[in-house]
Amino acid sequence: MAPKNSKVSRNPNLIPGIGKYSRSQMYHKKGLWAIKAKNGGQFPHHEKKAKPETTSEKPPNFYPADDVKKPLVNKRKPKPTKLRTSITPGTVLIILTGRFKGKRVVFLKQLPSGLLLITGPFKINGVPLRRVNQSYVIATSTKVDISGVDVNKLDDKYFGKKAEKKKKKGEGEFFEAEKEDKNVLPQEKKDDQKLVDASLIQSIEAVPDLKAYLAARFSLKSGMKPHELVF
Amino acid sequence: MPFKRYVEIGRVALVNYGKEYGRLVVIVDVIDQNRALVDAADMVRTQMNFKRLSLTDIKIDIKRIPKKKTLIQAMQEADVQGKWEKSSWGRKLIVQKKRASLNDFDRFKLMLAKIKRGGLIRQELAKLKKEAAS
């Protein structure tokens with residue numbers, strides 16, 4: 001027999017709450033008489049399944065004075081910010097805030113935190129491998145060929161602040177200790193920068209004027225209306 | 001100064017307001033003091049107020065309210081589009097459109113080209129000045 005997909009009621013509603021058929025008519029329609037006949041005059045009766053023995057719980061020895069409401073369960077999983085359709089790997093972006101404002105920069109990929117991974121390239125405009133927020137960026141329609149670049153090892157942890165070592169305060173050596181604590185960029189990061197930029201710079205030099213374009217900063221000149229400009 | 005561009009059947013006009021902004025249309029009939037029936041190759045024949053039209057110098061030879069096919073043929077024979085694109089008004093509009101559609105990179109390249117041209121001009125001028133002085 002084909003499996004029945006929907007559970008349709010045999011007793012259609014005339015009005016919500018009032019069915020078409022009476023109790024005795026439904027008894028006949030449902031075939032309870034046939035089930036009884038099969039079971040020798042009685043309705044089949046199954047023994048209740050015995051519940052497994054649960055170890056008795058100890059009553060708590062502390063009741064809070066006021067009833068505290070339990071917070072609702074939150075099963076929300078945060079996902080990275082929706083990337084604008086105009087931003088694809090290799091797009092040239094214009095940074096709008098921070099020390100690199102106005103710089104034109106190449107977009108590499110979106111990190112799991114939602115931030116965008118960008119690079120100058122460093123040799124061209126001094127912008128290193130960096131994270132930037134999508135909201136502080138204008139996407140131009142200029143694209144750079146990014147196929148030769150491997151960015152798999154770069155993620156949010158790479159850019160996170162390093163956990164500071166606890167300093168023991170020695171009173172006499174206080175000033176000297178402060179001086180030594182300079183942030184030197186580890187050689188590993190410099191090598192990563194060079195690696196990422198190598199193939200990028202090649203594809204940039206293939207397009208005439210693109211290198212000079214990335215080296216220059218963007219600014220609004222007289223007569224430029226941002227709402228009318230096509231980027 | 002007498003008028004040179006008249007509203008007449010066959011006058012080509014530019015729409016300067018509304019949904020059809022920027023389109024070249026032909027006046028195919030005059031409805032009353034304020035309105036004309038206009039038609040173009042890829043639009044439905046509609047009425048337009050004269051205030052929405054800017055008359056051009058171009059005129060084609062058609063009878064009152066021609067069929068679409070006849071109109072298109074007449075426009076092609078008179079080479080309306082070609083004449084328009086050669087006229088200074090038409091060329092200006094084309095340049096305006098191009099400038100508005102420039103990419104940020106295109107604007108940068110344009111700036112470089114302008115600087116280069118300016119440099120060449122100044123070189124030539126310096127040469128000419130030297131010759132004139134000597």
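**Figure 1. Order of helices and strands in chain B.** Read along the sequence, chain B runs β-β-β-β-β-α-α-α-α. That gives five strands and four helices. The model is a predicted one. How far does the chain B trace reach along its principal axes? The C-alpha trace spans about 70 × 40 × 30 Å. The radius of gyration of chain B is 22 Å, whereas a compact globule of 134 residues would have one near 14 Å.

**Figure 2. Burial, contacts and surface in chain B.** Of the 134 residues in this chain, 33% count as buried. Buried here stands for a relative accessible area under 20%. Among contacts in chain B with a separation of 6 or more, 47% are between residues 24 or more positions apart. Chain B exposes about 9900 Å², and 56% of that area is supplied by carbon and sulfur atoms. The chain carries 31 positive and 15 negative side chains. The centres of these two sets lie 5 Å apart.

Figure 3. Most residues other than glycine have a negative phi.

**Figure 4. Order of helices and strands in chain A.** Chain A has seven helices and seven strands. Along the sequence they follow the pattern β-β-α-α-β-β-β-α-β-β-α-α-α-α. The C-alpha trace of chain A spans about 95 × 60 × 35 Å along its principal axes. A compact globule of 231 residues would have a radius of gyration near 17 Å, but the value for chain A is 35 Å.

**Figure 5. Burial, contacts and surface in chain A.** Buried residues make up 26% of the 231 residues in chain A. What share of the contacts in chain A between residues at least 6 apart in sequence joins residues at least 24 apart? The share is 60%. Chain A exposes about 19400 Å², with carbon and sulfur atoms supplying 55% of it. There are 48 positive and 23 negative side chains in chain A, and the centres of the two sets lie 14 Å apart.

Figure 6. The bond from A:Gly120 to A:Pro121 is cis, and its omega is near 0°. Most peptide bonds are trans. A:Pro121 lies in the loop between β5 (116–119) and α3 (122–125) of chain A.

Figure 7. A:Asp209 sits in the loop between α6 (187–205) and α7 (210–215) of chain A. A:Asp209 counts as partly exposed because its relative accessibility is 36%.

Notes
Residues are numbered from 1 along each chain as its sequence is written. Chains are lettered from A and ligands numbered from 1 in the order in which they are written. This is a predicted model: local features need pLDDT of at least 70, side-chain atom pairs count only at pLDDT 80 or more; totals for chains, interfaces and linings use all residues. Side-chain values use heavy atoms; hydrogens and water are left out. Helices (H or I, at least four residues) and strands (E, at least two) are DSSP runs, numbered from the N terminus. The radius of gyration is taken over C-alpha atoms; the globule rule is 2.2 Å times the number of residues to the power 0.38. Buried means under 20% relative accessible area, exposed over 50%, partly exposed in between (1.4 Å probe, protein chains only). Contact means heavy atoms within 4.5 Å. Accessible areas come from the Shrake-Rupley method with a 1.4 Å probe; for residues, only the protein chains shown count as cover. Lys and Arg count as positive and Asp and Glu as negative; His and the chain ends are not counted. The place of a charge is taken as NZ of Lys, CZ of Arg, CG of Asp or CD of Glu.
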